[in-house]
Amino acid sequence: MAEVVMPQMGESIVEGTITKWLKGPGDKVERDEVLFEISTDKVDSEVPSPDSGVLEAIFFPEGETVEINTVVAVIGDGSKVGKHAGPTAGAVAPAPAETAPAEPAKEAEPTPAPHPEPAPADSGKRVHSSPLVRRIAKEKGIDLARLGKGTGAGGRITKKDILAYIESQERAAASGLPATAFPPAPEARFGDFDAEPLSAMRQSIAEHMVRTKRTSPHVSTVHAVDCTNIAKLRNAAKDKFLEQNGTKLTFLPFFLQAAASALKAYPTVNASLDGKQLIKHNDVNIGVAVALDWGLIVPVIRKADELSLLGMQRAVNDLAARARSKALKPDEISQGTFSVSNYGSYNSLLATPAINQPQVAILGIGSVTKTPVVINDAIAIRSMAYLTLSFDHRVTDGAIADLFLEHIREIVENWSTPVL
């Protein structure tokens with residue numbers, strides 16, 4: 001018999017949400033065959049079977065959030081399908097009860113929420129939650145109906161849900177801005193419609209986007225870059241590059257190498273803001289946004305300034321491929337010092353990307369397009385692209401942002417490093 005446990009997907013990961021079971025009780029499984037999919041607050045991943053045999057029991061349903069190292073299923077020879085101990089033998093069991101913190105010597109007085117509001121109209125409906133959650137809500141003066149559906153099975157409100165709600169309320173009280181990415185909007189429900197819950201990844205993206213707009217005063221500057229030189233180099237070398245290296249050569253590694261150089265030249269852009277301290281990173285770790293069918297993720301190329309053009313292309317391809325196959329580890333999307341959004345690969349000319357917290361800037365790369373431009377009072381056709389730098393105005397001013405983009409432009413327009 002082999003026990004299947006919720007894996008620890010990174011040092012900071014303490015739980016994961018089971019999003020999909022690919023096998024059911026009684027199904028045969030092979031060792032390393034994907035058994036179920038999980039979502040953490042950082043990444044979606046596939047979990048392989050630890051052994052070959054028959055899946056005899058599943059203890060947690062899809063949508064349940066489970067602590068790491070918790071047994072979620074059992075694999076055996078098939079003789080005990082439906083016979084494993086649990087609330088219902090062989091059936092899906094509920095999550096273990098949340099452990100309440102030690103009781104204080106004196107019961108705390110209820111504390112009102114930072115922005116108390118009248119209870120919503122449906123607050124009389126039963127809210128699914130644990131005793132711990134209800135106790136925290138009572139202490140903080142929170143109407144659980146205001147949280148809507150939780151992330152637990154069947155919409156159950158978990159300890160994580162209520163603590164996140166409290167944190168968002170406290171941040172809102174300090175900033176004076178909206179407290180949550182998901183304010184109730186009953187006026188949105190009219191006519192003929194279908195309602196479906198956001199995925200765990202979509203919820204995480206939403207919270208992150210609201211957080212970054214609430215945290216950083218975004219300013220964007222845009223520069224036009226003549227990419228004719230690298231376009232010619234790429235066109236001349238792309239077939240041989242593919243033959244020699246087994247990978248296509250795109251425009252992205254050219255921009256990434258130029259950005260890595262600019263980050264070394266302007267260290268206040270390769271930074272994070274921690275309270276009133278600016279953390280200037282010595283490593284250049286560039287996160288590259290990867291669009292997935294189910295969301296967006298930003299895997300990180302570590303020490304990007306040390307990579308060749310080929311090394312950069314291979315790193316981009318590897319991270320993107322593993323992101324799409326749900327094979328990334330949470331540590332591979334953490335500790336980025338700067339981010340790049342290559343929306344030009346979808347033919348977008350211009351955008352103003354949102355900063356990836358706690359970083360202080362992000363580079364947007366538009367599509368490389370043949371465009372008529374004026375050179376020496378004559379019209380010429382050049383391969384042009386718009387580069388956008390969105391930056392945190394608390395840390396960086398327009399002059400530095402423009403110099404940063406000019407650094408990239410100079411490298412791209414005067415590219416001299418051999419491609420092969």
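In what order do the four strands of the open sheet with antiparallel pairing run? The order is β5-β4-β2-β7, where strands are DSSP E runs of at least two residues and helices are H or I runs of at least four, numbered from the N terminus. Two strands pair if DSSP finds at least two bridges between them. The edge strands, β5 (44-48) and β7 (65-67), each pair on one side only. Direction ignored, neighbouring strands of this sheet are turned by 40° against each other on average. Strand β2 (residues 15-21) pairs with β7 over three bridges in the antiparallel sense, and T17 stands opposite T65 in β7.

The model is predicted: local features need pLDDT of at least 70 and side-chain atom pairs count only at pLDDT 80 or more, while totals for chains, interfaces and linings use all residues. Residues are numbered from 1 along each chain as its sequence is written, and side-chain values use heavy atoms, with hydrogens and water left out.

The protein has seven helices and 19 strands. Of its 420 residues, 40% are buried (under 20% relative accessible area; exposed is over 50% and partly exposed in between, with a 1.4 Å probe and protein chains only). Among contacts (heavy atoms within 4.5 Å) with a separation of 6 or more, 65% are between residues 24 or more positions apart.

Three aromatic pairs are counted; rings of Phe, Tyr and Trp (its six-membered ring) pair if their centres lie within 6.5 Å, with planes under 30 degrees apart called stacked, over 60 edge-to-face and the rest tilted. Two of the pairs are tabulated.

| Pair | Centre to centre | Angle between planes | Class |
|---|---|---|---|
| F254 and W415 | 4.9 Å | 70° | edge-to-face |
| F338 and F404 | 5.7 Å | 55° | tilted |

F254 lies in helix α5 (residues 252-265) and W415 in the segment after α7 (398-413), so this pair ties together parts 161 residues apart in sequence. Both F254 and W415 are buried. F338 in strand β16 and F404 in helix α7 are 66 residues apart, and their pair links distant parts of the chain. F338 and F404 are buried as well.

T352 lies in the loop between β16 (338-341) and β17 (361-365). T352 is exposed, at a relative accessible area of 53%. Leaving aside neighbours within four places in sequence, T352 is in contact with S220, T388 and S390. T352 and L389 are 37 residues apart in sequence, with a C-alpha to C-alpha distance of 7.6 Å.

Terms used: Axes are lines fitted to C-alpha atoms, for helices over the stretch in contact, and angles run from 0 to 180 degrees between N-to-C directions.
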